[in-house]
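Hi,

Here is the two-chain file I promised to pass on. Have a look at it first, and then read on for what came out when I went through it.

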Amino acid sequence: MTDRPLIGLDPTSGPLVRTDERALPSRPKSLDGHVLGLVANGLGESKLFLDAVYDELTREEDTIAAVRVLKSSVSVPPEPADWARLTSETSLAIAGMGG
Amino acid sequence: MAATALAAEAHAFRDEQDLQETYHANGWTDGLPIVAPTPERVEAFLDAAGLAPDALLGEVPTREVRVTAEHAAINAVMAGCRPDYFPVVVAAVRAHLHEKANCHSTTGTLSGAVQTVVVNGPIRTEIGIECGAGCMGPGFRANASIGRALRLVIRNVCRAIPGVLDRASFSSPHRFSFCFGENEEGSSWTPMHVERGFRADESAVTVHSVMTVDSAVDFVSRTPEGLCDSMLATLRRNGIAGDEFLGEDTTAMLVVGPEHQRFFDRAGWSKDDIRDYLFPKFGEDPGPGGRTVGIGKKEGILIVAAGGDGMAQTWVLLPHLAIAITEPVVANA
């Protein structure tokens, strides 16, 4: 027997260390005046569902505008051009999936 | 190998039990006991593959993850691999991290897609990869620990934690480990890795992310056409959706057991003959209740000879949003 401790290595890639300034924004109390990004992943009825969300939100709130993005592939994140639209033209986004 | 220092944080434990309990408590296991990843063991694995600890095996950009040889070695030790299995684990990790293997989607999906590891070439017999009876199940150290190693890498390094980035509604028992070899010696067919551009005396690993594991059980058909129709019915029952990202390259895998192989052999059918029969039918109306089989090229039908006698069965492994990727096994010379 030995008193030497057993050494085990951390098997993970470690905590996610951000090198940029991204942070989760606080939720707004109202959508009034916001431009809403609606991102459908293309699975199932996701586009129909988000269209219905848009219709519902804008039915009585004509101060809300929306940018709709339908991903070109269900497999991968939005294309860079779609990311650019979302980050430059919207102030909030809802990502929807379907199955 | 180059004496680059190991980068992983080292923790001291009173004893084996202390290590086991801490790793479980930290969420670093798949729920089963692990082998302690000591620096000495990890270094032995890296030596077996001739890799420096910081050798990059691949990345998951959406998760800001870079997977190194050291990461893979730590998790392969934990999975119960031997050092001489490690070059196979490295090939599997590289294959899984290929862009079109789509790690982010296939390990985050609600569907609980599983990563199937198929081994070809001489390494199978060198390390004891089972290719025959029971090859998809428990009882074979190389199969069990290599498949488990890939899954531990996916969990620990690629951040696919159930309920967090792994959003699987049910997940799958195949996610503990799913690795087997092609029974090249028991088949007249060209091995899969040779069809995919490798020499027969090279070893290679194919990783296929699978959404549905189904089978075509057919004890009745005595002709290649009849057997192919059974496989087609299974493919159509499940369907394969096309996808812009994968384009024409979508793959599905047919793992043909010996009871079905013998009828193809008697008729002189090669793997390519099976493709030539099946592929044109993918463009036909699938009929009532049938679904489209969205495979764009006949080469997308991957065929593997495996399994044992008795059950007249072909396993049909339908893809998640990824294509099967084959990587060479490179051991330290």
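Start with A:G8: its bridge partner in β1(B) is B:H11. That pair belongs to a strand pairing across the two chains, in which β1 of chain A (residues 6-9) and β1(B) run antiparallel over four bridges. Before going further, keep in mind that this is a predicted model.

In all, 36 residues of chain B are in contact with 17 residues of chain A. On the chain B side, the elements that give two or more residues are β1 (10-13), α1 (16-25), α2 (39-49), α3 (69-79) and α7 (141-157). By class, this side of chain B divides into 20 nonpolar, eight polar and eight charged residues.

Two of those chain B helices also pack on each other. The axes of α2(B) and α3(B) come within 9 Å and cross at roughly 120 degrees, and the crossing is right-handed. From α2(B), the residues involved are B:R41, B:V42, B:F45, B:L46 and B:A49; they meet B:A69, B:E70, B:A73, B:I74, B:A76 and B:V77 of α3(B). That contact has nine nonpolar residues, two charged and no polar ones.

Now chain A itself. Two helices and four strands make it up, and along the sequence they follow the pattern β-β-α-β-α-β. Three of the strands form an open, parallel sheet in the order β3-β2-β4. At its edges are β3 (65-70) and β4 (92-96) of chain A, each pairing on one side only. From one strand to the next the twist averages 20 degrees.

Helix α1 of chain A (residues 46-60) touches β2, β3 and β4 of chain A, and its direction makes about 160 degrees with that of β2(A). Helix α2(A) also touches β2, β3 and β4 of chain A, with its direction at about 165 degrees to that of β3(A).

What share of the 99 residues in chain A is buried? The figure is 18%. As for contacts in chain A between residues at least 6 apart in sequence, 72% of them join residues at least 24 apart.

One residue of α2 in chain A (residues 80-89) that I looked at is A:S88. Is A:S88 buried or exposed? A:S88 counts as exposed, because it has 8 C-beta neighbours inside 10 Å and the cut-off for exposed is 12 or fewer. Its C-alpha atom is separated by 10 Å from that of A:V35, which is 53 residues away along the chain.

Back to chain B, this time for its domains. The domain assignment gives domain 1 (16-201) and domain 2 (211-319). Their centres, taken over C-alpha atoms, are separated by 26 Å. Between them, 22 residues of domain 1 of chain B are in contact with 17 residues of domain 2 of chain B. On the domain 1 side, the elements giving two or more residues are β4 (114-120) and α8 (192-195) of chain B. The largest share of that side, three residues, comes from β4(B). Sorted by class, the domain 1 side has nine nonpolar, 10 polar and three charged residues.

β7(B) is mostly covered, with five of its five residues buried. In a regular strand the side chains alternate between the two faces of the sheet. Here, B:A252, B:L254 and B:V256 point one way, while B:M253 and B:V255 point the other way.

β7(B) has pairings with two strands that you can follow from B:V256. Five bridges join β7(B) to β8 of chain B (residues 301-305), and these run parallel; in β8(B), B:A305 stands opposite B:V256. With β9 of chain B (residues 313-319), β7(B) pairs in the antiparallel sense over four bridges, and there B:V256 stands opposite B:T314.

Over to you!

Key:
Residues numbered from 1 in each chain as written. Chains lettered and ligands numbered in written order. Predicted model: local features only at pLDDT ≥ 70, side-chain atom pairs only at ≥ 80, totals over all residues. Buried ≥ 20, exposed ≤ 12 C-beta atoms within 10 Å, placed from the backbone. Pairing = 2+ DSSP bridges. Axes fitted to C-alpha atoms, helices over the stretch in contact; angles between N-to-C directions. Contact = placed C-beta atoms within 7 Å. Domains from an automatic or database assignment. Nonpolar A, V, L, I, M, F, W, Y, C, P; charged D, E, K, R; others polar. Left-handed = near helix turned anticlockwise from the far one by under 90°.
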